[in-house]
Every structure is written in C-alpha cells, then in structure tokens.
Amino acid sequence: MSSSNKGSENEVKTAGIPITDFLLQLEDYTPTIPDAVTAYYLNASGFESSDPRIVRLISLAAQKFISDIANDALQHCKMRGTTQSSKKTGKDKRYTLTLDDLTPALAEYGINVKKPQYFV
C-alpha cells in the first residue's frame with residue numbers, strides 16, 4: 001500500500017465522525033415543531049420511520065424552511081418601510097407580517113400565493 005491510499009482511508013474513516021456527533025446532538029435537541037406533529041404529517045403522506053432521529057431531522061428541516069421564509073418576509077417588510085407603529089423609533093419598531101410581504105418571500109421558494117377575494 002502506498003501512503004496516498006492510507007491517507008484516503010483515514011479521510012473516509014474521519015468523514016463519518018461529524019455525522020455521528022450530529023446524530024447524537026439531534027437526540028438531545030427539541031425542535032420547535034413537535035415530533036408528534038411531524039410524525040402525523042409524515043404518516044399522512046405515506047412516510048413511515050421507526051427511527052425518531054429521522055422524524056426529528058425532518059422537524060429541524062421544516063423549522064429551518066419556515067424560519068427562512070419568515071426572515072425573507074421580514075426583509076421585504078423592512079425594504080417597504082412599513083411599520084405597525086410610527087411613534088416608536090430605533091430598535092422599538094414593530095413589524096406586522098402581511099400577505100404583501102409574505103407573497104414575494106414564498107415566491108423565492110417556488111410557492112405561488114394569491115390574495116383571497118373579499119366580497120363586501
């Protein structure tokens with residue numbers, strides 16, 4: 001065996017260590033979306049897993065997806081310059097999530113939203 005083969009074997013062996021650490025950390029992590037809710041929707045869509053870490057991983061991915069969309073909508077709101085209360089200044093500004101801000105944020109992820117028609 002040459003020294004280059006030994007180096008590649010060490011890389012393969014150490015490449016799995018961060019994944020095992022991540023899976024161990026995942027067991028202790030409590031996601032915002034409860035495991036029961038995630039498991040319900042996974043079962044409703046036909047996905048079944050006996051490993052709770054998989055369900056928790058999907059919960060974490062869904063949490064990240066929702067967080068990214070909410071953050072993008074906040075950035076759209078800030079760019080438009082609309083605030084809920086104009087009396088507050090500096091860090092005290094409060095923003096309201098509106099469909100006008102949410103629609104372009106969702107469009108970036110390929111989700112098309114149309115405003116519902118209101119009848120008066």
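Hi everyone! Let me start with a definition: a residue is called buried under 20% relative accessible area, exposed over 50%, and partly exposed in between. Keep that in mind while we look at this structure, which is a predicted model.

Let's talk about salt bridges. A search of the whole structure turns up 5 of them, and I'd like to walk you through a few.

Take E27 and R53, which form a salt bridge with their closest N and O atoms 3.9 Å apart. This pair ties together distant parts of the chain: E27 belongs to helix α2, R53 to helix α4, and they are 26 residues apart. So is E27 buried, exposed or in between? Its relative accessibility is 43%, so E27 counts as partly exposed. R53 is partly exposed too, at 28%.

Now, R53 has another partner. Its side chain also meets that of D51 in a salt bridge, at 3.2 Å from N to O. D51 is partly exposed as well, with a relative accessible area of 24%. Through shared partners, salt bridges join E27, D51 and R53 into one network.

Next come R56 and D35, whose side chains meet at 2.6 Å, N to O. Here R56 in helix α4 is linked to D35 in helix α3, 21 residues apart. R56 has 18% relative accessibility, so this residue counts as buried, whereas D35, at 23%, is partly exposed.

Finally, let's turn to the surface. F65, I66, Y109 and I111 form a nonpolar patch there, with about 340 Å² of accessible area together. One of them, I66, sits in helix α4, which covers residues 52-80.

Methods: Residues numbered from 1 in each chain as written. Predicted model: local features only at pLDDT ≥ 70, side-chain atom pairs only at ≥ 80, totals over all residues. Heavy atoms only, no water. Patch = residues over 30% accessible without salt bridge, like charges linked within 9 Å, V, L, I, M, F, W, Y side chains within 5 Å. Areas by Shrake-Rupley, 256 points an atom, 1.4 Å probe, with all protein chains shown as cover. Salt bridge = Lys/Arg side-chain N within 4 Å of Asp/Glu carboxyl O. Helix = DSSP H or I, 4+ residues; strand = E, 2+ residues; numbered from the N terminus. Buried < 20%, exposed > 50% of the residue type's maximum accessible area, 1.4 Å probe, protein only.
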